[in-house]
Amino acid sequence: MIRFLSRRVVTMAVTLLIISALVFFIIKLPPGDFLTNQIAELRAQGESASIAKAEFLIRQYGLDKPAWQQYLVWIGVMPGPNGFSGLLQGDWGWSFEYDKPVVEVIGDALWLTLLVNLAVVIFIHVVSIPIAIYSATRQYSVGDYLATFIGYIGLATPSFLLALILLYYMNRWFGISIGGLYDAQYSGEPWTWDKTQSLLSHLVVPTVVIGLGGTAAMIRRMRANLLDELGKQYYVTAKAKGLEPTKALLKYPFRMSLNPFIADIGNLLPHLVSGSVLVSLVLSLPTVGPILLSALKSQDQFLAGFILMFVAVLTVVGMLISDLLLAWLDPRIRMGGGR
């Protein structure tokens, strides 16, 4: 296990290094950046003081150097004007659009994004697994048809459309505003028990809206996998030997049918970040999705680069968690690669 973890950590580091290079140079592909575009606008307006400030920032962050040197300074393996200060040193860079450090722009959005994602993942598994088991063990029953119908509705309904519908009817019928993750009076305030309660109450709607599509997909996939496992000889033999049906179901077919979903954890986490941007905009969620969209539009390279690297870290960490859970769940999977 130690050798496996050591190899995976090295592989993760190399993977993140390659991803960081791709992220940086893809962001640099469009001509210009936020500062050079701003300089062009300021020069057209004739504001020499603002032009001098922008040109100072260009020299300070090495934006006048070749792209490969800018990349090495950004990740922190090459000294910049202020010495070594990059991602490896914990310096996330400067947001030119907001005119403040990236760490201040991200603020609470980073951990709120993780909180929303965690809530969605829990919601998907808690709701879909019992429905899928019921549907598979009672194939072609009324409940099975109903679960299938709900699954199709969930897959066919765009998340942002469901968010708009809930925004309208919750406000019209109950007078409740469901935008954001807490009430407006708590914005910018320190965290208290009242603010935490407001967060938990506002977390329900985004969790349902973002998780509905994934829940519907998981119900369909797990039902198919479970039906396949229920027809195999080992399950028939277990029941023939007198093993209690529920125990036989949960101990063997259910565990085997979970493999594809555990393997998808690495893809699920970044997908929730990137796939919920429209929902975050509609519901005014203070997550990193809208910030990333704004940073890409304005070519705020350090802000966009950090958020994309954050998504990449979620991916590789999710893949590691998937491998460890698969090895624990399925004894046929071995870490050592031996005989």
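**A walk through the cores and surface of this model**

Hi everyone, let's start inside: the largest nonpolar core has 37 residues, and Ile 129, Leu 181, Met 222 and Leu 258 have the most contacts inside it. Several helices give two or more residues to this core, among them H6 (109–137), H8 (159–174), H9 (193–230) and H17 (301–329). Please keep in mind that this is a predicted model.

What does Leu 181 touch, once we leave aside its neighbours within four places in sequence? Leu 181 is in contact with Leu 112 and Val 116, with Ser 198, Leu 199, His 202, Leu 203 and Pro 206, and also with Leu 285 and Pro 286.

There is a second, separate core too, with 32 residues, including Leu 35, Leu 63, Ile 291 and Leu 303.

Now have a look at helix H4, residues 67–75. Its buried residues are Gln 69, Gln 70, Tyr 71, Val 73, Trp 74 and Ile 75. They pack against helix H1 (2–28) and H17.

Let's finish on the outside. A nonpolar patch on the surface includes Phe 160, Leu 161, Tyr 168, Trp 173 and Leu 293, and the whole patch has about 950 Å² of accessible area. H8 and H15 each give two or more residues to the patch, and the largest share, seven residues, comes from H8.

How values were computed. Residues numbered from 1 in each chain as written. Predicted model: local features only at pLDDT ≥ 70, side-chain atom pairs only at ≥ 80, totals over all residues. Heavy atoms only, no water. Core = buried A, V, L, I, M, F, W, Y, C linked by side-chain atoms within 4.5 Å. Buried < 20%, exposed > 50% of the residue type's maximum accessible area, 1.4 Å probe, protein only. Helix = DSSP H or I, 4+ residues; strand = E, 2+ residues; numbered from the N terminus. Contact = heavy atoms within 4.5 Å. Patch = residues over 30% accessible without salt bridge, like charges linked within 9 Å, V, L, I, M, F, W, Y side chains within 5 Å. Areas by Shrake-Rupley, 256 points an atom, 1.4 Å probe, with all protein chains shown as cover. Salt bridge = Lys/Arg side-chain N within 4 Å of Asp/Glu carboxyl O.
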